[in-house]
Amino acid sequence: KNGVVEKIGIKTTRIKTLSGEQLVVSNSDLTSSRIHNYKKMQRRRIVFGVGVTYETPVEQVRSIPGLLKEIVESEKSVEFDRAHFKSFGDSSLDFEIVYYVNNPDAYMDVQQEFNLQIYEQFAERGISIAFPTRTLYLRNENGMKFQVNTEELTAEKASEN
């Protein structure tokens, strides 16, 4: 569980969890457990990813790690580590970005800013962020094949509304 220690007693320790409830743990359980004290952390390593569609031209795919590096380096309170084209995902070309934040308490504000910049920069360059898609192949009783792309169906439904 994650939370903040409220009180350390003789036999038990009371922890207020992130969801608000109070957790009472015996001190013997605590002494035999591995505890992570995030408040003492001076610096935090952040790993996150973003995926783009398979239709993205190879020149743009090659440029994305550099663009991600520029975005992360634009924030002075973090230290860029790396950005790579990591893998071929089920529905996307996947990139992984790693950076260190020097103020762990502000990490979500920093990550939000990176996400917004990625969204804006990709949109400006015509790079589509991927979402799960499936292609279905159907065959009728006469052996005729049909192909249905769920991405196209989703686009058609959106244009109907």
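This is a predicted model: local features need pLDDT of at least 70, side-chain atom pairs count only at pLDDT 80 or more; totals for chains, interfaces and linings use all residues.
**Aromatic pairs.** I looked up the ring pairs and found five in the structure. Tyr 54 and Phe 88 make a stacked one, with centres 6.5 Å apart and 20° between the planes. I checked where the two partners sit: Tyr 54 is in the loop between strand E4 (44-52) and helix H2 (58-73), while Phe 88 belongs to strand E5 (residues 78-88), so this pair links distant parts of the chain, 34 residues apart. Tyr 54 comes out as partly exposed at 39% relative accessible area, and Phe 88 as exposed at 62%.

Next I took Tyr 99 and Phe 114, an edge-to-face pair at 5.0 Å centre to centre and 85° between the planes. Here strand E6 (residues 93-101) supplies Tyr 99 and helix H3 supplies Phe 114, 15 residues apart. I get 0% relative accessibility for Tyr 99, which counts as buried; Phe 114 is buried too, at 1%.

**Cluster.** Back to Tyr 54 and Phe 88: together with Phe 85 and Phe 95 they form one aromatic cluster.

**Arginines over rings.** I found the charged end of Arg 43 over the ring of Tyr 100, 3.9 Å from the centre. Arg 44 lies over the face of Tyr 107, and there I noted 4.3 Å to the ring centre.

**Gln 117.** Buried or exposed, I wondered about Gln 117? Its relative accessibility is 17%, and the cut-off for buried is under 20%, so Gln 117 counts as buried. Gln 117 lies in helix H3 (residues 107-125). Leaving out residues up to four places away in sequence, Gln 117 touches Ile 71 and Ser 74. I also looked at Leu 68: 49 residues from Gln 117 in sequence, but 9.2 Å C-alpha to C-alpha.

Key:
Residues are numbered from 1 along each chain as its sequence is written. Side-chain values use heavy atoms; hydrogens and water are left out. Helices (H or I, at least four residues) and strands (E, at least two) are DSSP runs, numbered from the N terminus. Buried means under 20% relative accessible area, exposed over 50%, partly exposed in between (1.4 Å probe, protein chains only). Contact means heavy atoms within 4.5 Å. Rings of Phe, Tyr and Trp (its six-membered ring) pair if their centres lie within 6.5 Å; planes under 30 degrees apart count as stacked, over 60 as edge-to-face and the rest as tilted. A charge sits over a ring if NZ of Lys or CZ of Arg is within 6 Å of the ring centre and within 35 degrees of the ring normal.
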